[in-house]
Amino acid sequence: MSTHGKSLHCQESEDAAAYVLGALDEPEFYRQHLATCTVCQAEVARLQPVVDTLPATVPPQSAPEGLRRRVVSVVRAEAELLRVAGHEADEPPRRGSRWRRPRGAVLAWGALAASVAAVLAIALTAGSSEQTRVTNAQVAVVGAHASLRQVGGHSELLLAGMPQPPRGRIYEIWLSRGAAPQPTDALFGVTRHGSGAVAVPGSLHGVKEVLVTSEPLGGSSHPTSTPLIRVAV
Amino acid sequence: MELVAAGDANAFEVILERHADAAFSLAYRICGRHAAADDITQESCLAVWRSGARYDRGRGSVRTWVLSIVHNRAIDALRRSGVRDRRHAGDEGIEDSLEANERTDAQAIENATSREIRGALGELPTEQRRVIELAYFGGFTQTEIASMLNTPIGTVKSRMRLGLEKLRDHLRGWEAVGT
């Protein structure tokens, strides 16, 4: 196949259309190929704008007003947290210092979180039929922040600036009703940018705290490390 | 977007106001359920807020970027749920659900462009339009589509490519395409 009238050819360029449509079974292989193949780069650059128009074919709908309110509520809370904590708090942790957990730093962040909590511990917005409650978390990782969003009977932990779990470990959510924290099946990592949104399984009825610890892959039945995140429910 | 990247909540609200409807519409088109579309749109909007610094003006408009985030999350959710047999959530008549006084001039222009693109998609041969829609809105891989349609995978690839080529030809006059 020629590209733009050039006689250049790459057999892999047959996959360009499926790639831009997100239909390749193993897109990573083609992504790596793209890094070095100018023919395929040109083909993707030609077809991607076409795919980018496809959302315009969707029948328009109005976003629910409750959705806007919930998003704005979380954004305003996080903006305030960022303002109080300083902009460096939102920057990715420096390599080698991500798991800095000296007692002083943890306490300092805990104190900061507590002071900020007075400002934005809970954001309440009235949805069309249900309330959204956003509770700020205490996070023992410098530069990270987390909040618990509760809508109706559903809860979600929102994370930003968290480091990836160390190799061979994974984050686990626990529910504490006063006695020993109970494990959940919520095991998770975060994106390479440190963000994440994780559903908290089950009801929070009677739960006093939602905790997150770092555990071996597969999770644990009892916490094996100090909680990194604590949310008072 | 520079202000959003700097943590300006007011600037983000402007972005939200401009693109929330399009984001919700796309999420609903893909997942076919109101509650799921609501969740996906919320997650996507928060992702836009938290990753505003990653927006690259050279790679497209803010709307294209926002909708690519919505698309990725909606398809991920669809694949996770394993529910892959719906997603034709009442294509007809939804336009009429918008109140006339909600339509600004900008929306009217946008809707005209949408009609043009929808028309171009509708003019594709059925088999080409089908593989494009199954891939983009259904989240199916080319192997899955080949299996569903009982068609060789090479044919599926060709239909995707020919369909996109024809769409591109249709839309060549539109300045955003092919530039």
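**Figure 1. The loop at Asn150(B).** Asn150(B) is a residue of the loop that joins helix 7 and helix 8 of chain B. In this predicted model, Asn150(B) has a positive phi of about 55°, although it is not a glycine. Most residues other than glycine have a negative phi. Is Asn150(B) buried or exposed? With 6 other C-beta atoms within 10 Å, Asn150(B) is exposed.

**Figure 2. The packing of helix 7 against helix 8 in chain B.** Helix 7 of chain B covers residues 142–149, and helix 8 of chain B covers residues 153–170. The two helices pack at an angle of about 110°, and their axes are 9 Å apart. Because angles of 65 to 115 degrees count as roughly perpendicular, helix 7 and helix 8 of chain B are roughly perpendicular to each other. Their crossing is right-handed. On the side of helix 7 of chain B, the contact is made by Gln142(B), Thr143(B), Ile145(B) and Ala146(B); helix 8 of chain B contributes Ile153(B), Val156(B) and Lys157(B). By class, the residues of this contact divide into four nonpolar, two polar and one charged.

**Figure 3. Helix 8 of chain B along its length.** Helix 8 of chain B has 18 residues. From its first C-alpha to its last, helix 8 of chain B reaches 26 Å, close to the 26 Å expected at 1.5 Å a residue. Which residues of helix 8 of chain B are buried? They are Val156(B), Lys157(B), Arg159(B), Met160(B), Arg161(B), Gly163(B), Leu164(B) and Leu167(B). Val156(B) and Lys157(B), buried here, also take part in the contact with helix 7 of chain B.

**Figure 4. The packing of helix 2 against helix 4 in chain B.** Helix 2 and helix 4 of chain B pack at an angle of about 30°, with their axes 9 Å apart. Since angles under 35 degrees count as roughly parallel, helix 2 and helix 4 of chain B are roughly parallel to each other. The crossing of these two helices is right-handed. Helix 2 of chain B brings Ile15(B), His19(B), Ala22(B), Ala23(B), Leu26(B), Ala27(B), Ile30(B) and Cys31(B) to the contact. These residues meet Val62(B), Arg63(B), Val66(B), Leu67(B), Val70(B), His71(B), Ala74(B), Ile75(B), Ala77(B) and Leu78(B) of helix 4 of chain B. The contact has 15 nonpolar, two polar and one charged residues.

**Figure 5. Helix 4 of chain B and its surroundings.** Helix 4 of chain B is made of 20 residues. Its reach from first C-alpha to last is 29 Å, close to the 28 Å expected at 1.5 Å a residue. The buried residues of helix 4 of chain B are Trp65(B), Val66(B), Leu67(B), Val70(B), His71(B), Arg73(B), Ala74(B), Ile75(B) and Leu78(B). An α-helix has 3.6 residues a turn, so residues three or four places apart point the same way. What covers the buried residues of helix 4 of chain B? The cover includes helix 2 and helix 3 of chain B.

**Figure 6. The side of chain B that touches chain A.** The contact between the chains takes 58 residues from chain B and 44 residues from chain A. On the side of chain B, the elements that give two or more residues are helix 2 (9–31), helix 3 (34–50), helix 4 (62–81), helix 5 (105–122), helix 6 (126–136), helix 7 and helix 8. Helix 2 of chain B provides the largest share of this side, with 13 residues. By class, the side of chain B that touches chain A has 30 nonpolar, 15 polar and 13 charged residues. The secondary structure of chain B comes to eight helices and zero strands. Of the 179 residues in chain B, 39% are buried.

Figure 7. The secondary structure of chain A comes to five helices and 10 strands, and buried residues make up 38% of its 233 residues. His33(A) is found in helix 2 of chain A, which spans residues 27–34. His33(A) counts as partly exposed because it has 16 C-beta neighbours inside 10 Å. Leaving aside neighbours within four places in sequence, His33(A) is in contact with Glu12(A) and Cys40(A). His33(A) and Ser13(A) are 20 residues apart in sequence, and 9.9 Å separates their C-alpha atoms in space.

Key. Residues numbered from 1 in each chain as written. Chains lettered and ligands numbered in written order. Predicted model: local features only at pLDDT ≥ 70, side-chain atom pairs only at ≥ 80, totals over all residues. Axes fitted to C-alpha atoms, helices over the stretch in contact; angles between N-to-C directions. Helix = DSSP H or I, 4+ residues; strand = E, 2+ residues; numbered from the N terminus. Parallel < 35°, antiparallel > 145°, perpendicular 65-115°, else oblique. Left-handed = near helix turned anticlockwise from the far one by under 90°. Contact = placed C-beta atoms within 7 Å. Nonpolar A, V, L, I, M, F, W, Y, C, P; charged D, E, K, R; others polar. Buried ≥ 20, exposed ≤ 12 C-beta atoms within 10 Å, placed from the backbone. Expected span 1.5 Å × (residues − 1).
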